[in-house]
Amino acid sequence: MGRRRRRQRLPQEPVEALVESLSHDGRGVARVEGKATFIHGALPGEKVMFRYTGRRKKHDEAEALEILEPSEHRVQPRCPHFGVCGGCSLQHLDPEEQIRYKQQTLADAFVHIGKVEPEEWLPPLVGASPWGYRRKARLGVKNVPKKGRVLVGFRERSSGFLADMDSCEVLHPRIGGALNDLSVLIGRLSIADRVPQIEVAMDDERCVLVFRILDPLTEEDKDKLRQFARERDFVIYTQDGGPDSVAPLDKAADLHYVLPEFNLVLHFQPTDFTQVNSDINRRMLHQALELLQPENTDTVLDLFCGIGNFTLPLATRVGRVVGVEGATELVARARENARRNGLDNVDFHVANLYESLTAEPWMKQHFNKALLDPPRSGASEILEHLPRMGVERMVYVSCYPGTLGRDAGDLVHKLGYRLVAAGVMDMFPHTAHVESIALFEKR
Ligand SMILES: C[S@@+](CC[C@H](N)C(=O)[O-])C[C@H]1O[C@@H](n2cnc3c(N)ncnc32)[C@H](O)[C@@H]1O
């Protein structure tokens with residue numbers, strides 16, 4: 001007998017359900033005959049008609065067909081591609097409720113994963129507008145002759161294919177309103193089939209587009225790109241191989257962002273990590289420093305420091321800061337940023353913080369405070385060293401509640417810290433991504 005499981009036929013008839021909660025990826029959750037059913041497009045409190053799209057052992061998946069009784073928090077999505085495009089999953093929920101839901105997601109992670117609770121909840125950090133905030137993005141590109149056009153944008157939620165979209169409401173308007181023109185431009189290139197991706201990087205003025213190209217551009221192609229860049233005030237780069245092959249088509253852009261509160265200017269390259277939402281970034285830096293209570297006698301360790309986004313503001317307020325980062329090129333940029341801003345009380349080191357480290361010179365130093373801003377996978381490996389280094393007060397910035405919950409559990413139950421305060425930040429409105437900040441103090 002074959003061991004492969006036979007695919008179950010999905011029930012075709014619509015089913016009615018009452019939605020109880022929202023899953024961590026923004027789907028409504030209902031119990032249907034005792035089984036959890038994740039329903040796209042449904043919100044808590046709503047009565048909906050849905051149709052099954054997938055059945056699993058422990059849960060089912062579905063799509064809302066009709067909202068019979070809408071939630072008071074339901075709003076009209078602004079984007080015509082909402083529901084198809086996989087970029088956003090919460091545009092149908094009002095922004096205030098989105099942030100409440102994100103705080104609940106974080107609270108759940110603390111309780112269920114870390115078995116901890118913050119002593120205090122910080123008010124959520126919210127930006128001036130939940131639209132047009134995104135300044136960094138990777139746009140997929142695909143020439144689809146059947147559709148008679150080149151698709152430029154994000155992937156579809158359900159298929160993984162590129163969505164057929166001509167605008168985006170969460171991208172900065174300069175790029176969100178240019179998707180159609182980019183599509184036409186690429187369609188006119190001799191290598192229209194050989195451009196799989198455009199990486200976008202913006203600062204307060206400049207907008208760089210890095211075209212990933214799998215074949216060389218002809219002179220005519222270059223002229224078309226130049227004309228487009230001139231008309232739209234873009235700066236075009238190309239990438240024909242690995243990360244080192246990123247190069248300006250003509251003149252390089254001096255990308256930089258200003259942090260007025262600290263009188264700093266931070267320079268970066270188009271493919272460097274930078275925070276996507278510059279308004280929230282400024283507010284986040286302000287809050288992180290307020291929580292850390294910097295004093296000029298402090299020595300602070302900034303882990304996962306990137307180009308020095310937290311390190312340099314800290315250096316303007318404390319005695320000494322050491323930044324540690326895994327990417328050599330980001331450390332080079334951080335050093336250069338310190339030099340250009342006239343800060344000589346900072347040191348930077350390259351280290352893989354996911355390896356078991358012991359002999360690094362900076363680990364033998366004493367730090368009374370720390371700031372951590374790890375990627376999604378968290379900071380598990382380095383945490384155990386913090387008490388020995390003398391860290392009394394620590395701010396942890398996180399882009400994934402699951403790993404913050406886990407790390408908070410270790411800090412509180414194994415390493416002798418208290419979870420003093422925590423809160424969410426609206427870094428990625430309309431998406432289910434949760435950015436948060438937490439303050440720990442040594443008991
Ligand atoms: C969320 S970003 C924060 C960067 C910076 N703090 C900022 O605000 O711009 C995470 C950083 O961790 C770095 N990183 C990723 N994996 C790492 C590793 N294994 N060891 C050290 N740093 C790593 C990335 O290069 C990135 O700069």
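**Close-up views of a predicted model**

View 1. His430 lies in the loop between β20 and β21, the latter covering residues 435–442, in a structure that is a predicted model. Although His430 is not a glycine, its phi is positive, at about 75°. His430 is buried, because 26 other C-beta atoms lie within 10 Å and 20 or more are needed for that class.

**View 2. Ala421 in strand β20.** Ala421 is found in strand β20, which covers residues 417–425. With 17 other C-beta atoms within 10 Å, Ala421 is partly exposed. Leaving aside residues up to four places away in sequence, Ala421 touches Pro118, Glu119 and Glu120, together with Leu122, Leu291 and Leu439. Gln91, by comparison, is 330 residues from Ala421 in sequence, and the two C-alpha atoms are 29 Å apart in space.

**View 3. The open sheet of eight strands.** The strands of this open sheet follow the order β6-β20-β21-β19-β18-β15-β16-β17, and their pairing is mixed. The edges are formed by β6 (120–121) and β17 (346–350), and each has a single partner strand, so one side of each is left without a neighbour in the sheet. Inside the order, strand β18 (residues 369–372) runs parallel to strand β19 (residues 393–398), and four bridges join the two. Within this pair, Ala370 stands opposite Met394 in β19.

**View 4. Ala370 and the largest nonpolar core.** The largest nonpolar core has 120 residues, and those with the most contacts inside it are Ala288, Ala370 and Val395. Helix α5, which spans residues 278–292, gives the most to this core, with seven residues. When residues up to four places away in sequence are not counted, Ala370 touches Val300, Leu301 and Leu303 as well as Leu386, Val391 and Met394.

**View 5. Phe304 and the shell around the ligand.** There are 19 residues around the ligand, and those that come nearest are Phe304, Gly306, Asn309, Gly326 and Asp373. By residue class, the shell divides into 11 nonpolar, six polar and two charged residues. Phe304 has its place in the loop between β15 (299–303) and α6 (311–315). The phi of Phe304 is near 65°, which is a positive value in a residue other than glycine. Phe304 counts as buried, with 21 C-beta neighbours inside 10 Å.

**View 6. Strand β7 and its two antiparallel partners.** Strand β7 (residues 136–144) and strand β9 (residues 197–202) run antiparallel and are joined by five bridges; in this pair, Ala137 has Val200 of β9 as its bridge partner. Strand β7 also pairs with strand β8 (residues 149–153), again in the antiparallel sense and over five bridges. Val144 stands opposite Arg149 in β8. The hairpin of β7 and β8 has four residues between the strands, and in this hairpin Gly148 takes a positive phi near 70°.

**View 7. Domain 2 and domain 3 where they touch.** The protein chain is divided into domain 1 (1–74), domain 2 (99–129 + 255–442) and domain 3 (136–202 + 207–248). Between domain 2 and domain 3, the C-alpha centres lie 33 Å apart. Where these domains are in contact, seven residues of domain 2 meet nine residues of domain 3. The side of domain 2 that touches domain 3 comprises four nonpolar and three polar residues, and no charged residues.

Definitions and conventions: Residues numbered from 1 in each chain as written. Predicted model: local features only at pLDDT ≥ 70, side-chain atom pairs only at ≥ 80, totals over all residues. Near = placed C-beta within 6 Å. Nonpolar A, V, L, I, M, F, W, Y, C, P; charged D, E, K, R; others polar. Core = buried A, V, L, I, M, F, W, Y, C linked by C-beta atoms within 7 Å. Buried ≥ 20, exposed ≤ 12 C-beta atoms within 10 Å, placed from the backbone. Contact = placed C-beta atoms within 7 Å. Domains from an automatic or database assignment. Pairing = 2+ DSSP bridges.
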